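Here are some notes to go with the model, written as numbered points. Keep the viewer open and look up each residue as you read.

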Amino acid sequence: MTLTVYRFCLVVFFLLPSGISGSEPDHETDPAKDSSLYQSPFFEDNERCFKCHGQNTYSYTNENLGREVKAIMFSERVIPRGKFYESNHKSFSCTDCHSSDYTKFPHPGELRMEQMYNCIDCHGNDEKFAKFHFEEIEKEYQESVHYQYEEVGFSCWKCHDPHTYKISIRNSSNLKETILYDNNICLNCHADYSHFQLLSDKKEINIVAKHDWLPNQESHFKSVRCIECHTKVNDSILVAHRVKPVEYAVKGCNECHSQNSLLMSSLYKFQSREQRADGFLNGVILNQSYVIGANRNEYLNLIGLLIFLAVAGVIVIHISFRIIKKRK
Amino acid sequence: MSYIYLYPKWIRLWHLLNGLLFIILIITGLSMQYTNKEDNIFLVGFARAVKWHNIAAILLTINYIVFVTGNVITKNFRFYKIERKNFLSDLISQFLYYSRGMFRGEKHPFPVTENRKFNPLQKFTYFMAMYVAMPLLIISGIGLMFPEITVNRFFDVSGLILTDLLHVIMGFLLSVFMLIHIYTCTLGSTPGSLFRSMLSGYHESDEH
Ligand code: HEM
């Protein structure tokens, strides 16, 4: 019995890895991701702005002094070129969204009151972007806890940085990077009081203490997104946008650590489907996303059950023989 | 009936603790593997299962070190030495005894003596369980407890998945081992005699 079991085990261990094929593009060296390769038609135009907003110092001619003056560009006003030319809106000119009066310096005062477009103004009811379901997202957002802060300045832009936002989960080949990216969106306020205080009167934030109940917190925050626990899953959109009041946040371990878990309907929604297409071994035997309890393997379960029943059967038979022999 | 002192106190203590911890590990292990989303908890709740599995695992690891050290510094290890000569035929004759001979009232092919605590089949399974499966179980368990030390990718498959698979399979095999082990321990001179031995230290034998 044990011998066969061991043989099975050896087979599993020595055959599996060699049968696995396919490789992921390496993120660091993927040429398609190299921003220098994207040639914006507005590159020159944008340099008018980047020459000041592209780094943390800028210089201008002080007409009163009649000479060049060097000054600090506050970090919040700095737009990293590389990230801009990787973002969704990389093909834009700065002045597509901003008034062309910004070419003047100092910028005219009334530009401060400039009304900015919203996502829905450009993306609403547009066939080209139908797969994103902007209208549904807009609706979900209006039901989220953050919407009540619209009046003091909350908007889609607060989570989707106008200059760096880039879709991640939809094209993700590296879940950990996506999780980091998505969580940083939330942590930008919830772990950075300087941003948070613009919208709330709360005197302090302590994200770590509030999640003390979660064991291996650090490892969890690297493996799941905030929105997994804080939003209501909506099947018609890829990324749920309805952030619920904190009382409704997921606290039960079983939500994720069980088969058909929450993660399957959110984080791994795309991944698991594609993995299954990726071949038997990768997709079915080894579910790439490891979560204790959730990555139960049907085949191993069945083999396990059969071995267990066989052993129990042999024992029962042995016992009955012993009883029969004793009687005689 | 004759008595041979075969199970020194440290073995008995080790074994008692080992058995208890194993039972805790199996119950909590199954609870983690088969949690259910709809809160009708399988055996113990997930959070509690994680906690107790970790505690029992750490104790088991310490206990395992005691076992190995004990076998190195005492002479107990000699009982586990598998004889290469006639290895297969010895296994088979022991197997035939369990499956046929014992019902025909044949004599035990490898009676227990002062120098032979285990028959060849016991030697083999105990050796595999204690020196192959247990180390793999413990090492993979440590890998799961500290995921940061686990190899990230192995032939393009997440190292954690392989570690987890190894852990679950070893846990399962050792559980099956335990089931067979407990049953074969009823095959002494009386069904209860080997269990009494493991408490008193004396092997009871009626074959002399
Ligand atoms: C709680 C359930 C268990 C019971 C009732 C039990 C019972 C026994 C009994 C009666 C013996 C003495 C008979 C013999 O020497 O073959 C024994 C020995 C032994 N058992 Fe168990 N056992 C249990 C669990 C385990 C587990 C889980 C393991 C290992 C993972 C294990 C490993 C061993 C070993 C290695 C010996 C030989 C010890 C020595 O004398 O060096 N047992 N067991």
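1. Let's start with a term. A nonpolar core is a set of buried Ala, Val, Leu, Ile, Met, Phe, Trp, Tyr and Cys residues joined through side-chain atoms within 4.5 Å. "Buried" here means under 20% relative accessible area, "exposed" is over 50%, and "partly exposed" is in between (1.4 Å probe, protein chains only).

2. A bit of housekeeping. This is a predicted model, where local features need pLDDT of at least 70, side-chain atom pairs count only at pLDDT 80 or more, and totals for chains, interfaces and linings use all residues. Residues are numbered from 1 along each chain as its sequence is written, chains are lettered from A and ligands numbered from 1 in the order in which they are written, and side-chain values use heavy atoms, with hydrogens and water left out.

3. Now the largest nonpolar core: which residues have the most contacts inside it? They are M134(B) and L174(B), in a core of 32 residues. The elements giving two or more residues to this core are α1 (9-33), α2 (46-73), α4 (120-145) and α5 (159-184) of chain B. Of these, α5(B) gives the most, with eight residues. (Helices are DSSP runs of H or I with at least four residues, strands are runs of E with at least two, and both are numbered from the N terminus.) There is also a second, separate core of 13 residues, and L175(A), V250(A), Y268(A) and A294(A) are among them.

4. Zoom in on M134(B). Leaving out residues up to four places away in sequence, M134(B) touches N18(B), F22(B), L60(B), Y64(B), A129(B) and L174(B). A contact means heavy atoms within 4.5 Å.

5. Stay in chain B and look at how two helices cross. The axes of α3 (residues 87-99) and α4(B) come within 8 Å and cross at roughly 110°. That makes α3(B) roughly perpendicular to α4(B), a label for angles of 65 to 115 degrees (under 35 is roughly parallel, over 145 roughly antiparallel, the rest oblique). Axes are lines fitted to C-alpha atoms, for helices over the stretch in contact, with angles running from 0 to 180 degrees between N-to-C directions. On the α3(B) side, F87(B), D90(B), L91(B), Q94(B), F95(B) and Y98(B) meet P120(B), L121(B) and F124(B) of α4(B).

6. Over to chain A, which has 16 helices and two strands. Of its 328 residues, 32% count as buried. Take the contacts in chain A with a separation of 6 or more: residues 24 or more positions apart account for 55% of them.

7. N46(A), C49(A), F50(A) and C52(A) are buried. Why do they count as being on the same side of α2(A)? Because they cover an arc of only 165° around the axis, taking the directions from the helix axis to the C-beta atoms. What covers these buried residues includes β1 (57-62), α3 and α4 (94-97) of chain A. The face turned away from the buried side carries the exposed residues E44(A) and K51(A).

8. Next, salt bridges (a side-chain nitrogen of Lys or Arg within 4 Å of a carboxyl oxygen of Asp or Glu). How many are there over all chains? The search finds 10. One of them pairs E47(A) with R81(A) at 2.9 Å, N to O. E47(A) lies in helix α2 (residues 43-53) and R81(A) in helix α3 (residues 81-84) of chain A, so the pair ties together parts that are 34 residues apart in sequence. R81(A) is partly exposed, at 27% relative accessibility.

9. E143(A) and R242(A) also meet in a salt bridge, at 3.1 Å, N to O. This pair links distant parts of the chain, 99 residues apart. E143(A) is partly exposed at 45%, and R242(A) is partly exposed at 27%.

10. Most residues other than glycine have a negative phi, and most peptide bonds are trans. Yet a cis peptide bond joins F105(A) and P106(A), with omega about -10°. N125(A), not a glycine, has a positive phi of about 50°; N125(A) lies in the loop between α5 and α6 of chain A and is exposed, at 72% relative accessibility.
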